[in-house]
Amino acid sequence: MSKIKEKLQEFHPIVWSLVVGTVFVRAASSMSMPFLFLYLSNQTDMDLATIGLLIGAGALAGTVGGFIAGTLSDRIGRRRVMIGALYVWTFVFVGFALTKNPLLLLLFNMAGGLCRSFYEPVSQALMADVTPPEKRYRVFGLRYTAINVGVAVGPIAGAVLAKTSVALPFLITAVIYLIYVISLQSLLNRFGIKKIEGQKKEQITFGHAFRVVVQDKAFRFYMIAGVLGAIGYSQMSTTLAKFVEMSVPNGVELFAILMSVNAIVVVLLQMPLTTWAEKKTPLTAIVVGNVMYALGDIGFAFAGTWLIFVIAMVLFTFGEILTFTSGDVLIDRMAPEAMRGSYYGAKSFSNLGQFIGPWLGGLLLASYGGTALFLVVAAFSLISSAFNWAGQRAYLISTGKSINYSRSESL
């Protein structure tokens, strides 16, 4: 019991409340959203490229929304932005459940993308606000583990619920989001988030934040790398479902299993890989992660059995673990203290890849097949490493700091 108590005291209660909430939120959303591409391809007359474009529109909306939300949270506080986004997000899932109209689905998906871009970077910034710098790598790893605990159970639950009604997963997701936002609002008030927000020493304007971020050469390189990586990563939650269905018997069930394999591997290996990554530079972890992404995509490209798909997903997940957490730490270390929300929000510009990815993936899948699709995105993952290296070089030139900050404050 003493060890458990000591572990709980390691981080601020707000961190734990966000971590626990993340488990439920991601479990709920993964019951519904990963199946949207499959649902639309089977229930509507839209072609695959159009479906990819519709789904990608949510990420496109989030590309700009994240920067607005991050800067807004620096100005008016994290609490207001997060809570407002979660309430709207709840109604978005109700909308998904109640309509099949393509235009309405497009609008709901864009609204959902905006809500995600308002909630996630702001919650990350809040976690960093209440955590000492030397512990933030572990906090980001803990958050990512929580995401995947939720994703481990969500897809299988969604597949089961969808057999009863295609709308049911979306309605249950809405209910879980509503419960979460009410409880989170109460916890944030109880743990004094207003006092923490009141400690900001600067008022950041949108114009000032935009100029700083745009003029940051290293940040621009990181964003290009992020776009390329997101094009590949987005296939997992969009075209992969259709490709698996086309490739093997009982493909829908296999896709649900693959999503859970992805999450289970993260839960089991997040801490060991994070411990390894903390001893390396972030660039090293990201480059190794991109190689793992590419190997996983190559595995998908040539998979014809359940076993090969599962092995490819395990490799892909190794890349996910290494790149996601290291990318968060890169942004945290390069962001000025008073502009942390702005930088986390601006990171969502890489969501442009989440818009391009589903559209490009649907086009390649329809025109050239899954093998060509996954070989192309494997190449994108490898190319993104070059831009990460360029970002590191630009940062070193501009600051003269050491890139090895695994146990220091420098980038």
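## Helix H2 against helix H8

Helix H2, which covers residues 13-29, crosses H8 at roughly 170°, and the two axes come within 9 Å of each other. An angle over 145 degrees counts as roughly antiparallel, and H2 and H8 are therefore roughly antiparallel to each other. The model in which this packing is found is a predicted one, so every value in this report was computed from predicted positions.

On the H2 side, the residues that meet H8 are Ile14, Ser17, Leu18, Gly21, Thr22, Phe24, Val25, Ala28 and Ser29, and on the H8 side they are Thr173, Ile176, Tyr177, Tyr180, Leu184, Leu187 and Leu188. Sorted by class, the contact of H2 with H8 holds eleven nonpolar and five polar residues, and no charged ones.

## Helix H2 against helix H6

H2 also packs against helix H6, made of residues 102-129, where the axes come within 10 Å and cross at roughly 155°. That angle makes H2 roughly antiparallel to H6, and the crossing of H2 and H6 is left-handed.

In this contact, Ile14, Val15, Leu18, Val19, Thr22, Arg26 and Ser29 of H2 meet Arg116, Tyr119, Glu120, Ser123, Leu126 and Met127 of H6. By class, seven of the residues in the contact of H2 with H6 are nonpolar, three are polar and three are charged. Ile14, among others, belongs both to the residues of H2 that meet H8 and to those that meet H6.

## Helix H5 against helix H8

Two packed helices are described by the angle between their axes and by the distance between the axes. For helix H5 (residues 78-98) and helix H8 (residues 168-190), the angle is about 165° and the axes are 8 Å apart. H5 and H8 are therefore roughly antiparallel to each other, and H5 passes H8 in a left-handed crossing. The residues of this contact of H5 with H8 divide into 19 nonpolar, four polar and one charged.

## Aromatic rings

A pair of aromatic rings is described by the distance of the centres and the angle of the planes. In this model the count comes to 18 aromatic pairs. In one of them, the rings of Tyr233 and Phe324 have their centres 5.0 Å apart and their planes at 55°, so the pair is tilted. Tyr233 lies in helix H11 (residues 217-233) and Phe324 lies in helix H15 (residues 306-334), so the pair ties together parts that are 91 residues apart in sequence. Tyr233 is buried, with a relative accessible area of 17%, whereas Phe324 counts as partly exposed at 30% relative accessibility.

Some aromatic residues also gather into a group, for Trp89, Phe93, Phe96, Phe108, Tyr119, Phe170, Tyr177 and Tyr180 form one aromatic cluster. Tyr177 and Tyr180 of this cluster are also among the H8 residues that meet H2, and Tyr119 of the cluster is one of the H6 residues that meet H2.

Gly362 has its place in helix H17 (residues 352-368), and at 0% relative accessibility Gly362 counts as buried. Although Gly362 and Asp47 are 315 residues apart in sequence, their C-alpha atoms are 8.4 Å apart in space. When its neighbours within four places in sequence are left aside, Gly362 is in contact with Leu48, Ala49 and Thr239.

Ala159, which lies in helix H7 (residues 136-162), is buried as well, with a relative accessible area of 19%. Ala159 and Ile257 are 98 residues apart in sequence, and from C-alpha to C-alpha they are 9.8 Å apart in space. Asn250, by contrast, is exposed, with a relative accessible area of 52%, and is found in the loop between helix H12 (239-247) and helix H13 (251-278). Most residues other than glycine have a negative phi, but the phi of Asn250 is near 55°, a positive value in a residue other than glycine.

## The chain as a whole

The chain has 18 helices and zero strands, and of its 411 residues, 56% count as buried. Among the contacts in the chain with a separation of 6 or more, 84% are accounted for by residues 24 or more positions apart.

How values were computed: Residues are numbered from 1 along each chain as its sequence is written. This is a predicted model: local features need pLDDT of at least 70, side-chain atom pairs count only at pLDDT 80 or more; totals for chains, interfaces and linings use all residues. Side-chain values use heavy atoms; hydrogens and water are left out. Axes are lines fitted to C-alpha atoms, for helices over the stretch in contact, and angles run from 0 to 180 degrees between N-to-C directions. Helices (H or I, at least four residues) and strands (E, at least two) are DSSP runs, numbered from the N terminus. Angles under 35 degrees count as roughly parallel, over 145 as roughly antiparallel, 65 to 115 as roughly perpendicular and the rest as oblique. A crossing is left-handed if the near helix is turned anticlockwise from the far one by less than a right angle, and right-handed if clockwise. Ala, Val, Leu, Ile, Met, Phe, Trp, Tyr, Cys and Pro count as nonpolar, Asp, Glu, Lys and Arg as charged, and the others, Gly among them, as polar. Buried means under 20% relative accessible area, exposed over 50%, partly exposed in between (1.4 Å probe, protein chains only). Contact means heavy atoms within 4.5 Å. Rings of Phe, Tyr and Trp (its six-membered ring) pair if their centres lie within 6.5 Å; planes under 30 degrees apart count as stacked, over 60 as edge-to-face and the rest as tilted.
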